[in-house]
Each structure stands twice: as C-alpha cells, then as structure tokens.
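Student: I'd like a close look at one part of this structure, please. Can you start from a single charged pair and work outward?

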Amino acid sequence: MDILDAIGRTSLVRLRHVVPPDCADVHVKLEWENPTGSMKDRMALAVIGRAEADGRLKPGDTVVEYTGGSTGASLALVCAARGYRIHIVSSDAFSREKLDQMAALGAELTLVPSEGGRTTKKLILDMIEAARGLAAAPRTYWTNQLENRDSIAGYHPLGEEIWTQTEGRVDAFVHAVGTGASSRGVAEALKRRRSDVRAIAVEPGESAVLLGGEPGPHKIEGVGIGYTPPLWDPSVIDGIEAVATDDAKAMARRLAREEALFAGTSSGANVIAAIRVGRRLGPGATVVTLMCDSGLKYLNTDVYRSPGAAPT
C-alpha cells in the first residue's frame with residue numbers, strides 16, 4: 001500500500017444539531033479524510049492515472065494546472081508520489097494555507113492577482129491563460145481541470161460509496177459546482193443505481209449563473225467560476241440552489257461549534273442547500289452532501305478569524 005491507496009472510502013455521518021425537526025436526515029461525507037484533506041484527491045488520481053495509461057503523461061514530464069488550491073494540492077500529492085514536477089497557477093484570492101500546502105508538496109507556484117481577494121470570472125480566465133502559456137513548453141501535460149472529462153470518472157467511486165453507506169436509501173445528493181465534475185460524477189453513479197435519486201447543484205448567491213443570473217465576485221473558494229463550466233451536464237441535475245457567501249461562512253462556523261465538523265465555506269453552502277432540500281422532502285427521507293475539505297485550509301481567512309468566530 002502507498003499513499004495513493006489512502007484516497008477514498010471516507011466516512012459518512014449524520015448531522016444531529018443544525019438540522020431542523022421538519023427535515024429529512026442529512027448525512028455528510030467527510031472528504032477531509034483524503035490525504036490532502038480534500039475531495040480533490042479523487043480527481044487528481046484519476047486524471048494523472050488516465051494520462052499515464054494512454055501516454056499523454058510520460059516519465060520526466062511536468063504537470064501544469066490552474067487552481068484555487070485544493071486541486072493543486074491534490075495534483076501535487078499525486079505528482080510527488082509518482083515522480084513528476086508540477087507547476088501551479090493560483091491567486092491571492094485563495095487561502096494562504098492552500099498555497100503553502102501546494103508548495104510544501106513540491107509545486108512551483110505562479111500567482112495571478114485578484115480583485116480584492118475575491119473570485120471573479122476575469123480571475124479564472126486570467127489563470128487559465130497563464131496556465132495555457134506554461135503548457136506550451138515541451139514535455140508538459142496540462143490537466144486543464146475545467147475541460148478534462150477524466151475527472152468525472154474520478155468521482156464515480158464516491159457515488160458508489162454513498163450508495164453502499166446509505167444501503168441504497170439515498171433520496172437526494174446535494175453539492176456545490178466548481179468544474180462540475182464531482183456533482184456530475186456522483187449523480188451519474190447514483191442514478192445508475194436508482195433513477196429517481198435527485199441531484200441538486202449549489203452555487204454562490206452572488207454569482208448564480210447556473211440559475212440564469214449575472215456573474216459576480218464571491219468568497220466561496222473552489223466553486224462559482226462565473227460562467228457555466230464546460231463539464232456541466234444539466235441532464236443529470238434536478239435542481240439548483242444559490243447560497244450567499246456570508247450564509248455559507250456562518251454555517252461553516254456552526255458546523256464546527258455544534259457538530260464538531262471543521263470544514264470550509266463550500267461545505268457550509270452544501271449543508272444550507274441540503275437542509276433546504278431536506279425540508280422539502282420531509283422526515284423519513286435521506287439527503288447526502290459533502291464536507292469538501294478541512295477547515296485547516298481556512299484558518300487565516302475570515303471564515304474562522306472574524307469577530308463572529310471568536311470564542312464565547
């Protein structure tokens with residue numbers, strides 16, 4: 001067994017305190033149990049493994065990617081384990097912890113400046129163009145997460161885990177959309193098992209483009225790129241929930257204090273949306289969502305350093 005064998009098979013736990021009494025049971029997958037503390041380890045293993053298998057990635061090559069942090073750390077982990085150099089394009093819009101983790105795992109970093117530390121469509125497009133320039137070098141493999149279909153397959157096992165752990169009693173899966181690969185991969189796996197499982201996407205309220213709104217800046221890291229991601233497939237999605245950044249942060253703090261679940265902002269958004277879905281389904285139903293990554297990745301952000309997060 002090596003470190004990459006530790007990816008997946010994460011725990012599923014039921015929320016007991018933040019869920020109101022008129023709600024379905026809400027269960028969360030603890031994706032921070034993956035080696036880098038993020039669900040993105042699953043896609044990193046898939047995209048590197050598949051590129052190796054068909055010759056797109058060869059020994060001695062350098063991997064290039066643009067990322068808000070979690071994908072970068074996951075790719076850096078897999079590259080360190082497999083012996084590849086990696087160059088990451090990221091930004092000051094993302095937490096210092098994420099940038100430091102990527103560097104600690106051996107990634108070379110290029111940082112693109114943001115508008116006031118917020119995620120915007122322009123920032124994402126600037127990061128993509130910077131990665132495109134790096135990928136023009138010889139002996140380089142650009143994973144290009146927003147368009148790489150290999151990442152979808154990386155999340156099929158996650159859907160199978162949810163099916164097994166709920167003993168087939170999952171009624172809805174709720175998850176935030178960044179590249180669209182994880183929500184799509186899990187939904188495909190669950191719907192193969194039972195076609196009436198509902199898949200609900202989550203996006204920032206300030207940039208609800210999937211609901212037909214205008215793009216806007218927000219601070220839910222890793223999701224809401226400001227336009228419809230290329231891997232988005234509305235045919236497997238049954239609904240969309242928009243959650244404001246401040247509400248997502250507040251729920252992340254509640255999860256830590258009331259459920260002893262220490263997670264990031266996108267996990268807070270996931271739980272808010274899962275509760276909305278759970279109230280519509282009612283008691284007796286089962287909703288599953290994800291704790292996308294660990295709160296340790298956000299210690300120096302305002303999620304956990306604001307006055308509202310001070311000890312009482």
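Student: Which residue forms a salt bridge with Arg85, and how far apart are the closest N and O atoms?

Tutor: The partner is Glu108, and the closest N and O atoms are 3.7 Å apart. Arg85 sits in strand 4 and Glu108 in strand 5, so the pair ties together parts 23 residues apart in sequence. A salt bridge here is a side-chain nitrogen of Lys or Arg within 4 Å of a carboxyl oxygen of Asp or Glu. Side chains of opposite charge can pair when their charged atoms come close.

A word on the ground rules. This is a predicted model, in which local features need pLDDT of at least 70 and side-chain atom pairs count only at pLDDT 80 or more, while totals for chains, interfaces and linings use all residues. Residues are numbered from 1 along each chain as its sequence is written, and side-chain values use heavy atoms, with hydrogens and water left out.

Back to the pair. Arg85 is exposed, because its relative accessible area is 54%. Glu108 has 39%, so Glu108 counts as partly exposed. The cut-offs are simple: buried is under 20% relative accessible area, exposed is over 50%, and partly exposed lies in between (1.4 Å probe, protein chains only).

Now the strands themselves. Helices (H or I, at least four residues) and strands (E, at least two) are DSSP runs, numbered from the N terminus. Two strands pair if DSSP finds at least two bridges between them. Here 4 strands form an open sheet in the order 5-4-3-6, with parallel pairing. The edge strands are strand 5 (108–112) and strand 6 (140–142), and each pairs on one side only. On average, neighbouring strands of this sheet are turned by 20° against each other, direction ignored. Such angles run from 0 to 180 degrees between N-to-C directions, using axes fitted to C-alpha atoms, for helices over the stretch in contact.

Strand 4 (residues 85–91) also runs parallel to strand 3 (residues 62–66), and 5 bridges join them. Across that pairing, Glu65 stands opposite Ile88 in strand 4. Helix 2 (residues 70–82) packs on the sheet and touches strand 3 and strand 4. The direction of helix 2 makes about 175° with that of strand 4. Touching, or contact, means heavy atoms within 4.5 Å.

Next, step past strand 4. Phe94 lies in the loop between strand 4 and helix 3 (96–104). Phe94 counts as buried because its relative accessibility is 6%. Not counting residues up to four places away in sequence, Phe94 touches Thr67, Gly68, Leu99, Thr119, Leu123, Met127 and Glu221. Phe94 and Ser70 are 24 residues apart in sequence, but C-alpha to C-alpha they are 9.7 Å apart in space.

By the salt-bridge rule, the count comes to 25. One of them joins the side chains of Asp150 and Arg50 at 4.0 Å, N to O. Asp150 is in helix 5 (residues 150–154) and Arg50 in helix 1, so this pair ties together parts 100 residues apart in sequence. Asp150 is buried, because its relative accessible area is 13%. Arg50, at 43%, is partly exposed.

The side chains of Glu129 and Arg132 meet at 3.1 Å, N to O. Both residues lie in helix 4 (residues 121–135), 3 residues apart, about one turn of the helix. Glu129 is partly exposed at 46%. Arg132 is partly exposed at 41%. There is a network too: salt bridges that share partners join Lys29, Glu31, Arg42 and Glu161.

Finally, a charged residue without a salt bridge. Glu259, in helix 8 (residues 245–259), is buried and has none. The nearest side chain of opposite charge, Arg16, is 6.4 Å away. For this count, Lys and Arg are positive and Asp and Glu negative, while His and the chain ends are not counted. The side chain of Glu259 does reach backbone nitrogens: that of Arg16 at 3.0 Å and that of His17 at 2.6 Å.

Technical notes
A polar contact is a pair of N or O atoms within 3.5 Å; within protein, one must be able to donate a hydrogen and the other to accept it, and residues adjacent in sequence count only if both atoms are side-chain atoms.
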